[in-house]
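Hello,

Here is the structure I promised to pass on to you. Below it you will find my notes, sorted by topic, so that you can follow along in your viewer.

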Amino acid sequence: MTGRFVVFRTSQCNRRSRMTSHSVVRSAFVVTFVAILVLALLPESLLQEFGIDIGLGYDKLNHAIAFAALAVLGSLGWPERKARLILFLAVVGAAIEILQGTTLIGRDLDVFDWVADCIGMACGLVVAMCANWAMHRKSG
């Protein structure tokens, strides 16, 4: 009887631990998402005025890394909703490009930036799958 209780308690603790880790990753996703939106949608003149120059010197790489990070955090935070996550991120990437092309923001609309977003998402999914595999292997 005691053995069953211990197994139940351990299972309950593992579930609680997973829920907590999902909450932390989900919070990180939201913070990262907001930061990426702000950086992507602020006019260049404002970024320069505030001395913000976050990037690697190559715009497509910036896009790929940003969306890879979102895909990793999103797929670890919501593992059961990967398809919705990728659709959401693809739409967000396209919307960012459309908004960047408006005169209000004064940046360039570039479809290849969206392609870089999608490549980043694919890479992020691979990283998340490897992380999941490593976590399950370690705990199992």
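**Aromatic pairs**

The count of aromatic pairs comes to three. In one of them, Phe29 and Phe33 are stacked, with 6.0 Å from centre to centre and 15 degrees between the planes. Please keep in mind that this is a predicted model. Both of these residues sit in helix α1, four residues apart, or about one turn of the helix. Phe29 and Phe33 are both buried.

Phe33 also pairs with Phe88, this time in a tilted arrangement: the centres are 5.5 Å apart and the planes are at 35 degrees. Phe33 belongs to helix α1 and Phe88 to helix α4, so this pair ties together parts that are 55 residues apart in sequence. The relative accessible area is 16% for Phe33, which is buried, and 39% for Phe88, which is partly exposed. Phe29, Phe33, Trp78 and Phe88 form one aromatic cluster.

**The nonpolar core**

Phe29 turns up again here. The largest nonpolar core has 19 residues, and those touching the most other members are Phe29, Phe67, Leu70, Leu89 and Met121. Helices α1 (2-41), α3 (59-77), α4 (82-100) and α5 (111-139) each contribute at least two residues to this core. The largest share, seven residues, comes from α3.

Apart from its neighbours within four places in sequence, Met121 is in contact with Phe67, Ala68, Ala71, Ile86, Leu89 and Ala90.

**A buried serine**

Where is Ser75 found? Ser75 is part of helix α3, and it is buried, with a relative accessible area of 0%. A polar atom of the Ser75 side chain lies 2.8 Å from the backbone oxygen of Ala71. The backbone oxygen of Val72 is 3.4 Å from a polar atom of that side chain. If residues up to four places away in sequence are not counted, Ser75 touches Lys82, Leu85, Leu125 and Ala128.

**Salt bridges**

How many salt bridges does a search of the whole structure find? The search gives five. One of them joins Glu44 and Arg107, whose closest N and O atoms are 3.9 Å apart. Glu44 lies in helix α2 (residues 44-49) and Arg107 in the loop between α4 and α5, so the pair ties together parts that are 63 residues apart in sequence. Glu44 is partly exposed at 42% relative accessible area, whereas Arg107 counts as buried at 17%.

Asp113 forms a salt bridge with Lys60, with 2.8 Å between the closest N and O atoms. This pair links distant parts of the chain, as Asp113 is in helix α5 and Lys60 in helix α3, 53 residues apart. Asp113 counts as buried, at 3% relative accessibility. Through shared partners, salt bridges join Asp59, Lys60, Asp110 and Asp113 into one network. Within it, Asp59 forms a salt bridge with Lys60, where the closest N and O atoms are 3.9 Å apart. Asp59 counts as partly exposed, at 37% relative accessibility.

Lastly, Asp53 is in the loop between α2 and α3. Asp53 is exposed, with a relative accessible area of 71%. The C-alpha atoms of Asp53 and Leu39 are separated by 9.5 Å, and these residues are 14 apart along the chain.

Best wishes, and happy viewing!

Technical notes:
Residues are numbered from 1 along each chain as its sequence is written. This is a predicted model: local features need pLDDT of at least 70, side-chain atom pairs count only at pLDDT 80 or more; totals for chains, interfaces and linings use all residues. Side-chain values use heavy atoms; hydrogens and water are left out. A nonpolar core is a set of buried Ala, Val, Leu, Ile, Met, Phe, Trp, Tyr and Cys residues joined through side-chain atoms within 4.5 Å. Buried means under 20% relative accessible area, exposed over 50%, partly exposed in between (1.4 Å probe, protein chains only). Contact means heavy atoms within 4.5 Å. A polar contact is a pair of N or O atoms within 3.5 Å; within protein, one must be able to donate a hydrogen and the other to accept it, and residues adjacent in sequence count only if both atoms are side-chain atoms. A salt bridge is a side-chain nitrogen of Lys or Arg within 4 Å of a carboxyl oxygen of Asp or Glu. Rings of Phe, Tyr and Trp (its six-membered ring) pair if their centres lie within 6.5 Å; planes under 30 degrees apart count as stacked, over 60 as edge-to-face and the rest as tilted.
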